[in-house]
Amino acid sequence: WANPNISRSMQFAWGIPYIHTGATASYAFGSQASLMLGIVNGWDNAVDSNDGKSFLGSIAITPVEQFSLLLNGIYGAEQPDRGDSKRGLFGVVATIKPVENFAIILNYDYGNETDLGVGGDAEWNAFSGILSYDIVEGLPMPIGFAFRGEIFDDSDGTRLPTLGGAGFGSFQSAAEVTGTFKVVLAEGLMFRTEYRYDWGNNALYENYPTAGDNAQDDQHTIAAQLSYVF
């Protein structure tokens, strides 16, 4: 519910890990900065698949109420039974609030993985931006708008899934634009609707119900959501 859009970005889906199993420790330097460090089994696995751990950390800085910056990263062995191959990720998220009820959220991620065998090294870049604006006064019910655009550059074909035959070592890129409208029906009760358009240079998206041809290079999505926060 705290995400300005209903759907998640491609960065969230393919560029970064979902799950960490391990331990972290954090410390706040007053209200303007905090630090987190940790050691985990790796990306999206409860049990480590190799003989190396992954190390992660983040720094959050909020010098003023209108601006915050989050720097985070993770580094370690991620290939099964391959402690020599290392994967690293660095990300930055900047949130700017120039006026009340208006936010600009910018997110950049860079990833790199070494010694992947036949394909050698690989890297990927992803950038997204969100504009979010809420109108809370002068209307019977508060409403809001959020627009997101992003691009994912998977230079070596290691992160984006494909259905059309492209694989490791193949250049892949994808982009999407998303528009979301919300209305606050009552305290804690929110309705949202969203239109999203994705496209890429390869067949990334399933095409139903066409038999024998289940891949296409773009996709339209319409979504609706009703949520209650208590």
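1. A residue counts as buried when its relative accessible area is under 20%, as exposed when that area is over 50%, and as partly exposed in between. With that cut-off, Glu 113, at 3% relative accessibility, counts as buried, and Arg 87 is likewise buried, with a relative accessible area of 9%. The model under discussion is a predicted one, and the values below should be read with that in mind.

2. The fold contains an open sheet of 11 strands in the order 1-2-3-4-5-6-7-8-9-10-13, with antiparallel pairing. Strand 1 (22–28) and strand 13 (218–228) stand at the edges, and because each has a single partner strand, one side of each is left without a neighbour in the sheet. From one strand to the next, the twist averages 10 degrees.

3. Within this sheet, strand 5 (residues 82–96) and strand 6 (residues 102–113) pair in the antiparallel sense over 10 bridges.

4. The structure holds seven salt bridges, and one of them joins the side chains of Arg 87 and Glu 113, at 3.0 Å from N to O. Since Arg 87 lies in strand 5 and Glu 113 in strand 6, this pair ties together parts that are 26 residues apart in sequence. Arg 87 also has an aromatic contact to consider, for this residue lies over the face of Trp 43, at 4.7 Å from the ring centre.

5. A salt bridge also forms between the side chains of Lys 182 and Asp 134, with an N to O distance of 3.4 Å. Lys 182 lies in strand 9 (residues 172–186) and Asp 134 in strand 7 (residues 122–135), so the pair ties together parts that are 48 residues apart in sequence. Asp 134 counts as partly exposed, at 21% relative accessibility, a value to be read against the cut-off of 20% below which a residue is called buried.

6. The side chains of Arg 196 and Glu 176 meet in a further salt bridge, at 3.8 Å from N to O, and a reader checking this contact may wish to keep in mind that the criterion is a distance within 4 Å. Arg 196 lies in strand 10 (residues 189–200) and Glu 176 in strand 9, so the pair ties together parts that are 20 residues apart in sequence. Arg 196 counts as buried at 10% relative accessibility, and Glu 176 is buried as well, with a relative accessible area of 1%. Both residues belong to a network of salt bridges that links Arg 148, Glu 176, Arg 196 and Asp 198.

7. A search of the whole structure finds six aromatic pairs. Among them, Phe 12 and Tyr 18 form an edge-to-face pair, with 5.4 Å centre to centre and 85 degrees between the planes. Phe 12 is partly exposed, with a relative accessible area of 30%, and Tyr 18, at 49% relative accessibility, also counts as partly exposed.

8. The rings of Phe 102 and Tyr 133 have their centres 6.3 Å apart and their planes at 65 degrees, so this pair too is edge-to-face. The pair links distant parts of the chain, with Phe 102 in strand 6 and Tyr 133 in strand 7, 31 residues apart. Phe 102 is partly exposed, with a relative accessible area of 23%, and Tyr 133 counts as partly exposed at 38% relative accessibility.

9. Finally, a charge sits over a ring at another site, where Arg 159 lies over the face of Trp 124, at 5.1 Å from the ring centre.

Key. Residues numbered from 1 in each chain as written. Predicted model: local features only at pLDDT ≥ 70, side-chain atom pairs only at ≥ 80, totals over all residues. Heavy atoms only, no water. Pairing = 2+ DSSP bridges. Helix = DSSP H or I, 4+ residues; strand = E, 2+ residues; numbered from the N terminus. Axes fitted to C-alpha atoms, helices over the stretch in contact; angles between N-to-C directions. Buried < 20%, exposed > 50% of the residue type's maximum accessible area, 1.4 Å probe, protein only. Phe/Tyr/Trp six-rings, centres within 6.5 Å; stacked < 30°, edge-to-face > 60°. Lys NZ or Arg CZ within 6 Å of the ring centre and 35° of its normal.
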